[in-house]
Amino acid sequence: MTEITCKLLVIGAGPGGYTCAIRAGQLGIDTIIVEAEKPGGTCLNVGCIPSKALIHAAGEYETIARAADGKNAFGISAAPPSLNFARTIAWKDDIVRRLNGGVAGLLKRAGARYVAGRASFRDGKTVEVETPSGRQVIRAETVVIATGSEPVALPFLPFGGRVISSTEALALTEIPKKLVVVGGGYIGLELGTALAKMGAAVTVVEAAPRILPQYDVDLSEPIARRLTALGVTVLTGAKVQALGTESAALAIETASGEQTSLEADKILVTVGRRPATSGFGLEILDLDMDGPFIRIDDRCRTSMHGVSAIGDVTGEPMLAHRAMAQGEMVAEIVAGRRRAWDRISIPAICFTDPEIVTVGLSPNEVSSRGFEVKTDLFPFKANGRALTLDREDGFIRTVARADNHLLLGIQGVGAGIAELSAAFGLALEMGARLEDVAMTIHAHPTQGEAFHEAALKSLGHAIHI
């Protein structure tokens, strides 16, 4: 058993972990990062990147299929398309492979040492790693836990066989003829929509009264309409009960109390994710917890001196870019810089069709804060660029204080508006007011003009509506 030492040890090479290690290496900190799987974590390997590749491919296929059906507004006709799903998956896997190599290269260039294997705590400064070449002990002055999260299974519907998680859904070898998605949140709807566009007959079963319950009705309604247009069956207020042992049917109880069953080749369970806090000796450290998450302060420090935690393992929102920002901050703290978590907004994107972008506070969240707000929206049906894309569904909405017009939140739903999240986030972090957005020239014709117009409308003088 060999033993090595370092100043900073990062456990987990997901977005938070590898960002922390790269930044630490740039700052000249002697850093080791340990990862049991491929670098990049859930996001790069079985989450954000492969799912978006699949969603894009599905959108391309659906566009051609609509043209072949004569449902194309552009006057374009096409022969019925065919899908080589194996080639789609190979393309997706190649993107992941290239990014895996990119992360490894960035770590190496920053001078961070990479150890492949599963780490297990001996104490707060020491871990033991089972590597392909044998066991290795690593001692460090500071340890960062960045172990991420994992899919939650239902106790009566465990993963295995036809019951799959998002991980297995991204590794399918063929499109299921009948797919049941259990859970109408963003992961289930993103993957369910993609597979529906590729030809699967998809049924979504959601226990809440509507899909995407984490968003308000105004934001989720365009998604519901689009699912209907795509032929996806959505059962809300429905409860999954059991999977038959002999039949292929999934027993459910509908919102009206009716007992029925759904035939399915695959059952995709997407009822949430939980922090990955087991399997690496975390219990030895006896850290303060916040429910299932590791409790941290505004510098990502845990209750044990010299042990920090970042990313999904520390709580909501479980988003890669939050983890990256935390990782960068912790590296700079270890380097002696004065940093603290003071972010105003963390953009969140739901890559459904159409997409949802939220930054800052929603109207409902603001209403409980005790001050008046101005909120208004501009619909894409009045946006020239959206019309040229034949996607006039959706809108952009601003939420601002009524007294000084300070922007508190921006939300939008529309085809391809994920890229607007950068503008929304920048506006909030810069402390923009409605007048700042209104006085900024927005390029024409773009969907971003809807942001400009929403601000103008809130100020009482919209131009294009």
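This report looks at a pocket and the nonpolar cores of a predicted model.

## The second largest pocket

Let's begin with an open space in the protein. The second largest pocket holds about 750 Å³ of space. Its lining is made up of 26 residues.

Two helices, H3 (48–68) and H6 (186–197), each give at least two residues to the lining. The largest share is that of H3, with eight residues. By type, the lining of this pocket has twelve charged residues, seven polar ones and seven nonpolar ones.

## The largest nonpolar core

In soluble globular proteins, nonpolar side chains tend to be buried together. Here, the largest nonpolar core has 35 residues, and Val202, Ile223 and Ile356 are those with the most contacts inside it. Helices and strands both contribute: H3, H4 (85–110), H6 and H7 (217–229) each supply at least two residues of this core, as do strands S9 (178–182) and S10 (201–206). H6 gives the most, with five residues.

Setting aside neighbours within four places in sequence, Val202 is in contact with Leu179, Val181, Gly192, Leu195, Ala196, Gly231, Val232 and Thr233.

## A second core

There is also a second, separate core, this one of 25 residues. Ala13, Ile22, Ala331 and Ile333 are among them.

Terms used: Residues are numbered from 1 along each chain as its sequence is written. This is a predicted model: local features need pLDDT of at least 70, side-chain atom pairs count only at pLDDT 80 or more; totals for chains, interfaces and linings use all residues. Side-chain values use heavy atoms; hydrogens and water are left out. On a 1 Å grid over the protein atoms alone, a cavity is a set of points where a 1.4 Å probe fits but cannot get out, and a pocket is an open set with protein on both sides within 12 Å along at least five of seven lines; lining residues have an atom within 4 Å of a point. Grid points are joined across faces, edges and corners, and a volume is the space filled by probe spheres set on the points. Helices (H or I, at least four residues) and strands (E, at least two) are DSSP runs, numbered from the N terminus. Ala, Val, Leu, Ile, Met, Phe, Trp, Tyr, Cys and Pro count as nonpolar, Asp, Glu, Lys and Arg as charged, and the others, Gly among them, as polar. A nonpolar core is a set of buried Ala, Val, Leu, Ile, Met, Phe, Trp, Tyr and Cys residues joined through side-chain atoms within 4.5 Å. Buried means under 20% relative accessible area, exposed over 50%, partly exposed in between (1.4 Å probe, protein chains only). Contact means heavy atoms within 4.5 Å.
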